[in-house]
Amino acid sequence: ACSGNTMSFLNAEEPSACDLVTDFGINVLWHPSLGLELGENVKVMMEKCLSGEIPLDIFVFEGSVINAPNGTGEWNRFCGRPMKDWVADLSAKAQFVVAIGDCATWGGIPAAYGNPTGAMSVMDYLGKEYRSALGLPVVNVPGCSPVGDNFTETVFAVLLFLPIMG
């Protein structure tokens with residue numbers, strides 16, 4: 001099943017998701033609903049991003065960063081390790097980091113007081129001093145789910161600042 005954020009992305013019109021791929025050359029490496037890679041192939045691809053073998057221009061994260069139990073992040077694992085570790089490592093390599101949706105931008109409902117998950121936003125998890133490889137803070141696209149055009153327009157604006165596009 002596709003999340004609301006995926007569906008809003010696919011419903012974007014100006015530019016559309018297809019425009020980003022066909023007209024602007026975006027290569028969507030992986031998405032849980034849209035990605036073609038599965039299992040070990042996803043892990044290998046992520047590791048290639050971390051090693052620099054695959055350049056990571058824009059890292060988009062959807063959802064809250066889960067920090068429980070006891071700061072380990074073990075309640076949300078992905079490709080053999082806590083998702084929060086992937087977020088930290090991929091954010092360190094990315095030219096830009098985009099947090100999409102309320103959960104990624106401010107923690108959303110999962111970050112409400114008393115929630116045992118330790119959920120937090122990408123900015124809160126990475127810290128106020130975080131800067132991408134191009135020296136920028138996290139780019140937030142709020143909404144539950146965000147308007148698709150807001151997301152695609154943000155990605156397009158980011159593309160204008162990438163050295164390969166400039």
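Colleague: In which loop is N70 found?
Modeller: Residues are numbered from 1 along each chain as its sequence is written. This is a predicted model, in which local features need pLDDT of at least 70, side-chain atom pairs count only at pLDDT 80 or more, and totals for chains, interfaces and linings use all residues; side-chain values use heavy atoms, with hydrogens and water left out. Helices (H or I, at least four residues) and strands (E, at least two) are DSSP runs, numbered from the N terminus. On that numbering, N70 is in the loop between strand 1 and strand 2.

Colleague: Is N70 buried or exposed?
Modeller: Buried means under 20% relative accessible area, exposed over 50%, and partly exposed in between (1.4 Å probe, protein chains only). N70 has 82% relative accessibility, so this residue counts as exposed.

Colleague: What is phi of N70, a residue other than glycine?
Modeller: Most residues other than glycine have a negative phi, and most peptide bonds are trans. N70 has a positive value. Its phi is near 55 degrees.

Colleague: What is omega for the peptide bond from A68 to P69?
Modeller: P69 also lies in the loop between strand 1 and strand 2. The bond from A68 to P69 is cis. Its omega is near -5 degrees.

Colleague: Which backbone oxygen lies 2.8 Å from a polar atom of the side chain of S64?
Modeller: S64 is in the loop between strand 1 (58-62) and strand 2 (77-78), and at 9% relative accessibility S64 counts as buried. Contact means heavy atoms within 4.5 Å; leaving aside neighbours within four places in sequence, S64 is in contact with residues including C103, A104 and P110. A polar contact is a pair of N or O atoms within 3.5 Å; within protein, one must be able to donate a hydrogen and the other to accept it, and residues adjacent in sequence count only if both atoms are side-chain atoms. At 2.8 Å from the side chain of S64, the backbone oxygen is that of G107.

Colleague: Where is C79, and what is its phi?
Modeller: C79 sits in the loop between strand 2 and strand 3. With a relative accessible area of 19%, C79 is buried. C79 is not a glycine, yet its phi is positive, at about 50 degrees.

Colleague: How many aromatic pairs does a search of the whole structure find, and which is tilted?
Modeller: Rings of Phe, Tyr and Trp (its six-membered ring) pair if their centres lie within 6.5 Å; planes under 30 degrees apart count as stacked, over 60 as edge-to-face and the rest as tilted. The search finds two pairs. The tilted pair, at 6.3 Å centre to centre and 45 degrees between the planes, is F59 and F61.

Colleague: Why is the pair of F78 and W86 edge-to-face?
Modeller: F78 and W86 are both buried. Their ring centres are 6.3 Å apart, and the pair is edge-to-face because the planes are at 80 degrees.

Colleague: Which charged end sits over the ring of W86?
Modeller: A charge sits over a ring if NZ of Lys or CZ of Arg is within 6 Å of the ring centre and within 35 degrees of the ring normal. The charged end here is 4.4 Å from the centre of the W86 ring, and it belongs to R81.
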